[in-house]
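I opened the model to look up side-chain pairs and helix packing. My entries follow.

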Amino acid sequence: MAVRRCKKEDLKRIARATGAAFVASLSNLEGEESFEPSFLGSADEVVQERICDDELILVKGTKAKPSASIILRGANDIYVDEMDRSVHDSLCAVKRVIESRSVVPGGGCVESALSIYLENFATSLGSREQLAIAAFAQAMLVIPKTLVVNAAKDSTELVAKLRAFHNAAQTIEAKRQFKWIGLDLENGKCRDNREAGVLEPEMSKIKSLKFATEAAITILRIDDMIKIYQPSKEDPNSYANAVKSGRL
C-alpha cells in the first residue's frame with residue numbers, strides 16, 4: 001500500500017509509534033539510492049476504512065509505542081469544533097497532572113481556603129499592608145462567585161456556606177476534613193470534591209494565581225496617564241464663532 005500527500009507531522013507520529021525511521025531521501029552518501037531494513041517499522045494491521053464521507057488509513061497495533069487516535073463525529077462543523085476544543089482541554093489537563101504529579105480540589109475550594117487564611121493573616125498585621133492583604137483575600141472569591149453565577153445559582157448563599165466550611169477547617173481541629181469542601185454546581189450545594197473526583201492540576205492553579213497577581217501589580221504601577229484629544233474641527237469663520245469673537 002502506498003500513500004501520497006501525507007502531512008509531515010502525521011508521518012513523524014507514525015514513525016514514532018511503529019519504530020520506523022523518517023526518511024526524507026533514499027540517496028546515501030555515495031549518491032546512490034538505498035534502503036536499510038532497519039528503517040522499517042511494524043504494526044499488526046494497516047487498513048483503509050470509510051468513515052462517513054472520508055477514506056481513512058488506520059494503523060493498528062503499533063509495536064514501538066502504544067498510540068491511539070480519537071475520531072470525532074457530529075451533526076455539523078460547529079459541534080465537531082466544540083468537541084475538539086473540549087477534548088483538547090481535557091488532554092491538556094491530564095498532561096498538567098502528569099507534569100506536576102499533584103492535584104488540588106476544584107470547585108472554588110482552593111480560592112475559598114486562601115481567602116479565609118489571608119483574611120486571618122491580615123488581622124495580625126498592624127500596618128497598611130493589612131489593607132492590601134485583605135483586598136487580595138476578597139479578590140480570591142471572584143472565582144467561586146463566577147462559577148456559581150455561571151451555573152445560575154445564588155452566589156451569595158453558596159459562597160457564604162463555602163467560606164464557613166473553610167473557616168471551620170482552619171480554626172477547629174475536629175473539622176479539618178472540611179478543607180476538601182468545594183462547590184457542587186449541579187445540585188447547588190457544597191460537597192467534598194476530593195471524594196467526588198473534582199480535581200485540578202496544582203501547576204495550573206499556581207500559575208494562574210501568579211499571572212493574575214503579576215498583572216494586578218503591573219496595572220497598579222501605572223501612576224500617570226496621557227490622553228490625546230482630537231483636534232477641533234470647528235470652522236473659525238463660522239457665524240457662531242464670528243459672533244462669539246465680536247467680529248459681528
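Which residue forms a salt bridge with Glu157? I found Lys161, with the closest N and O atoms 3.3 Å apart. (A salt bridge is a side-chain nitrogen of Lys or Arg within 4 Å of a carboxyl oxygen of Asp or Glu.) Both residues sit in helix H6, four residues apart, so about one helical turn separates them.

I noted the ground rules. This is a predicted model: local features need pLDDT of at least 70, side-chain atom pairs count only at pLDDT 80 or more, and totals for chains, interfaces and linings use all residues. Residues are numbered from 1 along each chain as its sequence is written, and side-chain values use heavy atoms, with hydrogens and water left out.

I then searched the whole structure and got 11 salt bridges. One of them joins Glu111 to Lys205, with the closest N and O atoms 2.7 Å apart. Glu111 lies in helix H3 (residues 109-122) and Lys205 in helix H8, so this pair ties together parts that are 94 residues apart in sequence. (Helices are DSSP runs of H or I, at least four residues, and strands are runs of E, at least two, numbered from the N terminus.) Glu111 and Lys205 are both buried. (Buried means under 20% relative accessible area, exposed over 50%, partly exposed in between, with a 1.4 Å probe and protein chains only.)

I also checked Arg191, which meets Asp184 in a salt bridge (3.5 Å, N to O). Arg191 is partly exposed at 27%. Asp184 is buried at 2%. Shared partners join Glu111, Glu200 and Lys205 into one salt-bridge network.
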